[in-house]
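Please consult the sequence and the model below.

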Amino acid sequence: MITMINLIFALFSQSGSTTLAYRPFIDPLKLDDYWLILLVPLVFAISLTYKTIKTDDLSKLPGQALYLTAQIVVFMILAASALWLLGVLV
């Protein structure tokens, strides 16, 4: 299993930059292979932000944010499956 540090080093080494400075708009990171892994932290950050604003009792925040994250990810999987099935049938 790839650790987070190895993942970061691998992404920076694939950028193709010959200089020591990292130029994000000129040499973007190649994240094509990792975008599904990065989807879950993005959804969690959105869920955490939303639930922080909407929840009255912040002691319940982690559980509610994880529950909302799971709901969003499951719905995205179901929507992608439905669209794939629609594309196959039509």
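Is Thr55 buried or exposed? Thr55 is buried, because its relative accessible area is 13%, where buried means under 20%, exposed over 50% and partly exposed in between, with a 1.4 Å probe and protein chains only. The model is predicted, so that local features need pLDDT of at least 70 and side-chain atom pairs count only at pLDDT 80 or more, while totals for chains, interfaces and linings use all residues. Residues are numbered from 1 along each chain as its sequence is written, and side-chain values use heavy atoms, with hydrogens and water left out.

**Surroundings of Thr55**
- Thr55 lies in the loop between helix H2 (35-54) and H3; helices are DSSP runs (H or I, at least four residues) numbered from the N terminus.
- The Thr55 side chain reaches the backbone oxygen of Lys51 at 2.7 Å.
- A polar contact of 2.9 Å joins the side chains of Thr55 and Gln64; the term denotes a pair of N or O atoms within 3.5 Å, of which, within protein, one must be able to donate a hydrogen and the other to accept it, and residues adjacent in sequence count only if both atoms are side-chain atoms.

**Salt bridge**
- The whole structure contains 1 salt bridge, defined as a side-chain nitrogen of Lys or Arg within 4 Å of a carboxyl oxygen of Asp or Glu.
- Arg23 pairs with Asp27 in a salt bridge, their closest N and O atoms being 2.7 Å apart.
- Arg23 counts as partly exposed because its relative accessibility is 32%, whereas Asp27, at 10%, counts as buried.

**Trp84**
- Trp84 belongs to helix H3 (residues 61-89).
- Trp84 is exposed because its relative accessible area is 60%.

Methods: Helix = DSSP H or I, 4+ residues; strand = E, 2+ residues; numbered from the N terminus.
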